[in-house]
Amino acid sequence: MENQKLSRIPDRKTGAIYIRVSTDKQEELSPDAQRRLLLEYAESHNIDIPAEYAFQDNGVSGRKAKKRPAFQQMIALAKSKDHPIDIIIVWKFSRFARNQEESIVYKSLLKKNNVDVVSISEPLSDGPFGSLIERIIEWMDEYYSIRLSGEVMRGMTENAMRGNYQSDAPIGYRSPGGGRPPVKDPDTIQIPLFIKDQFLSGSTVLQIARSLNELGYQTKRGNPWDSRGVRYVLENPFYMGRARWNYTKQGRKQKPADEVIYAEGNWEPLWDEDTYQQIQKRLSANMGKVRSRDVAAVRHWLSGILVCSSCGATLSYGGTKNSRNFQCWKYSKGQCNKSHYISVVSMETLVITYLEDLLYSEELVYLAISSASSDSGNRLTERKRQLQKLDAKESRIKAAYQNGIDTLEEYKANKDALASERRLIEDGILNLTEAVKKQTNDALDNKRGQSIFDLLCIIQDESADYVTKGNMIRNVVDHIVFNRKDTSLDIFLKLTI
């Protein structure tokens, strides 16, 4: 609707009325009563109020103007190019704003557009004294709002400490009302239990979300499940019978731990504290891992494992329905100058062939260190630290010579002694490196055959889904470098021993 400048009768003004109903339970006039009084005031003061200039926000706080859509529409109208209104009428200044800073900003903006704000229950005199009274009223409105917010917070805190649940019960439960504790919902109780069982059985949160959606389950709000929703169920202490309140702030960001309130609830839990701690431990372990993309989120069991030999980027899965392929994603973006295009069928065949060859090949590269070689590994680390100390010592004796502290003969003697010490340490590092390599390879040789054989059985099984294949290959293979020039693969294993 376009706002048009109304033709005005001399000595009459065109105005707008603004009505706001608070979120709190303070005593105030109903919207209809406010509208009636505002229109009566306008009529008695020769102010015309077109029907489209009556703005109303219901059940919203006055502390943030950006959260009041009708208020924003009114302000936009008042400062529009045509300047269609002369005055805004409210029942109380607190209806206009409860934040003094915003009140001053918006009133100043309106004043620049020759629009006044009038409170019919708080008449003000003209001049500086009237402005002073208006500021005092604004300050009292803001103080009341802050005090009211604090009282509400204290009341909710006390209620939470008594174990009463103050929000809508999470999925699996329902709130009967009347101050009674949440009860299990027979229609949805299986959902959190399914999530818990699947997670403790080894499924990722994304895999669980996919399974829930495939089974036709929805969230409390009727939406499809995602990782965040599954994680919320797993993290929520409600299911072990504990109330958690004041946990997040606006935007679902977590508050500091010392602000969160926990109390024993008065409802029947779904699992005990030991189970809850077991879930949290696994969640923390998964969050701490730096690992390849969750196989449930990829489109092929080889996605995220294949690597471009030219730039090191992963090969992305794409193509048409009848012609699927892998290609370096950086090449597709113009950031790599070597195409690594290969059809999916060709790559699958290539991987299977190379894995079969690996069963009998000695040309393997491992990304693993045997636990049996941990002692040698520790000694190897210590030798490398000794080399670093020698580097620092060599810098000091050189500086001593350059600064005239040591003679040339002293410098040469110190340097020769360091060189002799360095040779001993380097020989030790060489011997320890060979020991670690031998211990590792001996252990790997005993295990690699069975692991690769098991992997081949899974990826060649037509009945196995891509998640099963993806998980299996990720247990054995860290990454596969594909060289398009000679159609070769370098397979890096991560066998755990």
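**Exercise 1.** In this predicted model, work out how strand S10 (residues 306-308) is joined to strand S15 (residues 477-483).

*Solution.* Start with direction: S10 and S15 run parallel. Next, look at the links between them, and you'll find three bridges.

**Exercise 2.** Now follow S15 on to strand S16 (residues 488-493) and describe how they pair.

*Solution.* This time the pairing is antiparallel, and it takes in six bridges. One of the pairs is Asn483 with Ser488 in S16.

**Exercise 3.** Is Lys196 buried or exposed, and what does it touch?

*Solution.* First, find Lys196 in helix H6 (residues 190-200). Its relative accessible area is 15%, and the cut-off for buried is under 20%, so Lys196 counts as buried. Now the side chain: Lys196 has a polar contact of 3.0 Å with the side chain of Asp197. Finally, skip the neighbours within four places in sequence, and Lys196 is in contact with Leu234, Trp271, Thr275 and Ile279.

**Exercise 4.** Find out which element gives the largest share of the largest nonpolar core.

*Solution.* Begin with the core itself: it has 32 residues, and Val477 and Ile480 are among those touching the most other members. Next, list some suppliers: S10, S15, S16 and helix H11 (344-358) are among the elements that each give at least two residues. H11 comes out on top with seven residues. Last, there's a second, separate core of 25 residues, and Trp271 is one of its members.

Technical notes: Residues are numbered from 1 along each chain as its sequence is written. This is a predicted model: local features need pLDDT of at least 70, side-chain atom pairs count only at pLDDT 80 or more; totals for chains, interfaces and linings use all residues. Side-chain values use heavy atoms; hydrogens and water are left out. Two strands pair if DSSP finds at least two bridges between them. Helices (H or I, at least four residues) and strands (E, at least two) are DSSP runs, numbered from the N terminus. Buried means under 20% relative accessible area, exposed over 50%, partly exposed in between (1.4 Å probe, protein chains only). A polar contact is a pair of N or O atoms within 3.5 Å; within protein, one must be able to donate a hydrogen and the other to accept it, and residues adjacent in sequence count only if both atoms are side-chain atoms. Contact means heavy atoms within 4.5 Å. A nonpolar core is a set of buried Ala, Val, Leu, Ile, Met, Phe, Trp, Tyr and Cys residues joined through side-chain atoms within 4.5 Å.
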